[in-house]
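Take a look at the model below. We will walk through it step by step, from the whole chain down to single side chains.

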Amino acid sequence: TKAVGSSSTAVAAVDAMVFLELAAAGTAAQTVFGYNRQNFEFDRTIQIRQEILKIKLQMKRFELFRQDIRDLVKLTVDRMDLYHLVGALCMQFIIVFLTKGRVQASAPPFLLSLFLLTN
């Protein structure tokens with residue numbers, strides 16, 4: 001009976017060691033994989049800031065697109081204003097020439113060449 005009693009003590013000691021090892025492993029697993037509210041809130045705050053920054057950058061990007069379109073339209077309008085000015089001057093020169101019927105000899109050469117180009 002003495003041999004049986006010592007083996008049961010050895011089994012109890014081994015069971016106690018296994019239990020302690022499992023408890024230590026469980027504590028380590030809880031530490032590693034446990035829920036950490038502070039880290040979760042910090043991560044969520046960073047994610048929200050990133051999303052807000054992304055939206056703001058998209059808004060700035062589309063504002064730049066709109067500004068580019070405004071600049072292109074303004075360039076076209078300014079060019080047409082210049083064409084209207086040149087056309088009005090040509091038309092005035094032609095009307096004066098046709099109503100008076102002559103070009104003065106003292107007229108600058110660029111006005112004469114302009115008149116000849118338009119006729």
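Helices (H or I, at least four residues) and strands (E, at least two) are DSSP runs, numbered from the N terminus. By that rule, the protein chain has 3 helices and 0 strands. Along the sequence, the pattern reads α-α-α. Residues are numbered from 1 along each chain as its sequence is written. This is a predicted model, in which local features need pLDDT of at least 70, side-chain atom pairs count only at pLDDT 80 or more, and totals for chains, interfaces and linings use all residues; side-chain values use heavy atoms, with hydrogens and water left out.

How confident is the prediction? The score to read is pLDDT, the predictor's confidence in each residue, from 0 to 100. The protein chain averages 80, and 82% of its residues score at least 70. Confidence is lowest in helix α1 (residues 2-33), with a mean of 71. It is highest in α2, at 88.

Next comes the surface. Accessible areas come from the Shrake-Rupley method with a 1.4 Å probe, and for residues only the protein chains shown count as cover. The protein chain has an accessible surface of about 10,900 Å². Carbon and sulfur atoms own 68% of that surface. A residue is buried under 20% relative accessible area, exposed over 50%, and partly exposed in between (1.4 Å probe, protein chains only). Of the 119 residues, 5% count as buried.

Now turn to helix α2, which spans residues 37-100. Which charged residues pair up here? A salt bridge needs a side-chain nitrogen of Lys or Arg within 4 Å of a carboxyl oxygen of Asp or Glu. The whole structure holds 2 salt bridges. One joins Lys54 to Glu51, with the closest N and O atoms 3.8 Å apart. These two residues sit 3 residues apart in helix α2, so about one helical turn separates Lys54 and Glu51. Lys54 is partly exposed at 46%, and Glu51 is partly exposed at 44%. Another bridge links Asp78 and Lys74, whose closest N and O atoms are 3.2 Å apart. Asp78 and Lys74 lie 4 residues apart in helix α2, about one turn. Asp78 has 39% relative accessibility, so it counts as partly exposed.

The rings come next. Rings of Phe, Tyr and Trp (its six-membered ring) pair if their centres lie within 6.5 Å; planes under 30 degrees apart count as stacked, over 60 as edge-to-face and the rest as tilted. The structure holds 1 aromatic pair. The ring centres of Phe62 and Phe65 are 5.4 Å apart and the planes meet at 85°, so this pair is edge-to-face. Both residues belong to helix α2, 3 residues apart. Phe62 is partly exposed at 41%, and Phe65 is partly exposed at 37%. Phe62 has a charged neighbour too: Arg61 lies over its face, 5.7 Å from the ring centre. A charge sits over a ring if NZ of Lys or CZ of Arg is within 6 Å of the ring centre and within 35 degrees of the ring normal.

Finally, find the nonpolar patch. Patches are made of residues with over 30% relative accessible area and no salt bridge; like charges are joined within 9 Å, nonpolar side chains (Val, Leu, Ile, Met, Phe, Trp, Tyr) within 5 Å. Leu82, Leu85, Val86 and Leu89 make a nonpolar surface patch of about 370 Å². Val86 is placed in helix α2. With 43% relative accessibility, Val86 counts as partly exposed.
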